[in-house]
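Hello,

Here is the structure I promised to pass on to you. Please have a look at it first, and then read my notes below.

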Amino acid sequence: MPCSRCQERPATEGGPLCADCRAAAPEDASAPAAGAAAPEAPAPGGVAGSEPAAPEGAASLAKAPAAESGPAPAPAVPAPAPAVPASAPAAGAATAPAASAAPAGGAPVPVTTPPAASATPNLSPVVVRPPAPGTYQPLRSPVGLGLAAVILLGVVAVTDIVAALAAFNIRRVVTAMSDGGFLAVGQEDADFADMMMAGASGAQLLALLATVPVFIVWFHRVRANAGLFAPDRFTRGTGWAIGGWFVPIAFLWIPRGVAAETWRASRTDPHAPDDHERATLLNVWWGLFVAAWIATRFADRRYERAESLHEIVSAADFVVLACLLDVVAAVVAALFVHRLTRMQHAKALRGAGNPV
């Protein structure tokens with residue numbers, strides 16, 4: 001074996017180094033001597049020299065029982081717990097026989113358990129009793145709506161008067177043209193007449209759009225109150241107080257029937273004969289309302305279709321008549337609203353009402 005130092009001379013018997021090399025390096029005392037056994041590698045996971053090795057006899061004794069008894073048995077696995085159904089029967093409930101759970105076919109059939117017995121058997125259902133006699137529904141005052149309706153009906157009457165004056169001015173101007181020719185009337189007079197007629201028509205429309213909703217709401221309010229005063233006096237429901245005005249053609253008589261029943265129920269004695277507190281004001285108002293509506297439709301159509309001067313004069317006469325009828329109808333309607341509102345207000349102050 002060559003010298004580990006010089007790699008030339010063979011090593012002596014005393015070790016891997018030759019004498020010259022050993023003399024040259026006397027400080028290398030850490031080199032192992034020749035023939036010394038190399039330390040054993042520590043076992044995996046252990047530390048060298050931490051524990052003495054077990055004697056050979058002990059190792060053989062440790063292996064003896066395993067060799068004699070054969071392979072070690074597998075650890076015991078606990079049996080799974082039986083599955084519990086989601087809806088377990090209540091305590092004391094009868095269970096189905098076990099034979100019915102597995103038929104001859106082999107496939108398991110779910111067993112339906114009977115419902116659990118009620119904890120409180122033989123209980124009768126809860127009965128909700130009606131309100132006690134003498135319970136009253138609250139009345140809603142029609143005084144504010146009645147006052148607003150009266151004011152707006154007065155505005156309608158004023159616009160009708162203005163429209164009648166505008167139509168009369170148109171008639172005057174056209175009559176002057178017919179008698180003395182177009183030169184008998186100045187251009188300014190003709191333009192003013194046209195502008196006055198258009199403005200009066202617009203004012204009538206605005207007043208009507210403001211009055212109709214308030215009047216219908218008031219009409220529904222008094223109908224609802226009258227239904228509490230005497231519900232047996234009505235043949236139509238409360239909704240007809242609103243819907244009756246929007247039925248084509250039938251609006252000429254349905255609201256009148258609702259108003260008559262409301263008037264009878266709002267009297268001091270709702271079940272008195274018809275001659276008691278007669279509805280004369282109601283009948284006059286309704287007659288004027290229908291007449292003014294028909295006259296207005298006829299006059300407007302006649303005025304729109306007029307071409308000659310004579311036709312314009314005739315149409316203007318019908319417009320004046322329709323406006324005057326509408327003025328009277330608006331005034332009587334305001335009186336009717338005031339009278340019916342006062343009747344219901346007085347009856348409510350007396351504590352009149354009807355049990356639920």
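**What I found**

The lining of the largest pocket is made up of 24 nonpolar, four polar and five charged residues. Please keep in mind that this is a predicted model.

Let me stay with that pocket for a moment. The largest pocket holds about 1100 Å³ of space, and 33 residues line it. If you want to find its centre on screen, look for Leu208, Trp293, Thr296, Arg297 and Asp326, the lining residues that lie nearest to it. Helices α3 (143-180), α4 (187-229), α7 and α8 each supply at least two residues of the lining. Of the contributors, α7 gives the most, with 10 residues.

Two of these helices also meet each other. The axes of α7 (residues 280-305) and α8 (residues 309-349) come within 7 Å and cross at roughly 155°. Angles over 145 degrees count as roughly antiparallel, and α7 and α8 are therefore roughly antiparallel to each other. The crossing of α7 past α8 is left-handed. By class, the contact of α7 with α8 has 24 nonpolar residues, along with two polar and five charged ones.

Which residue sits in the loop between α5 (240-243) and α6 (254-265)? Isoleucine 249 is found there, and its phi is near 65°, a positive value in a residue other than glycine. Isoleucine 249 has a relative accessible area of 55%; over 50% counts as exposed, so isoleucine 249 is exposed.

Note on methods:
Residues numbered from 1 in each chain as written. Predicted model: local features only at pLDDT ≥ 70, side-chain atom pairs only at ≥ 80, totals over all residues. Heavy atoms only, no water. Axes fitted to C-alpha atoms, helices over the stretch in contact; angles between N-to-C directions. Helix = DSSP H or I, 4+ residues; strand = E, 2+ residues; numbered from the N terminus. Parallel < 35°, antiparallel > 145°, perpendicular 65-115°, else oblique. Left-handed = near helix turned anticlockwise from the far one by under 90°. Nonpolar A, V, L, I, M, F, W, Y, C, P; charged D, E, K, R; others polar. 1 Å grid on protein atoms, 1.4 Å probe; cavity = no way out; pocket = protein on both sides within 12 Å on 5 of 7 lines; lining within 4 Å. Points joined across faces, edges and corners; volume = space filled by probe spheres on them. Buried < 20%, exposed > 50% of the residue type's maximum accessible area, 1.4 Å probe, protein only.
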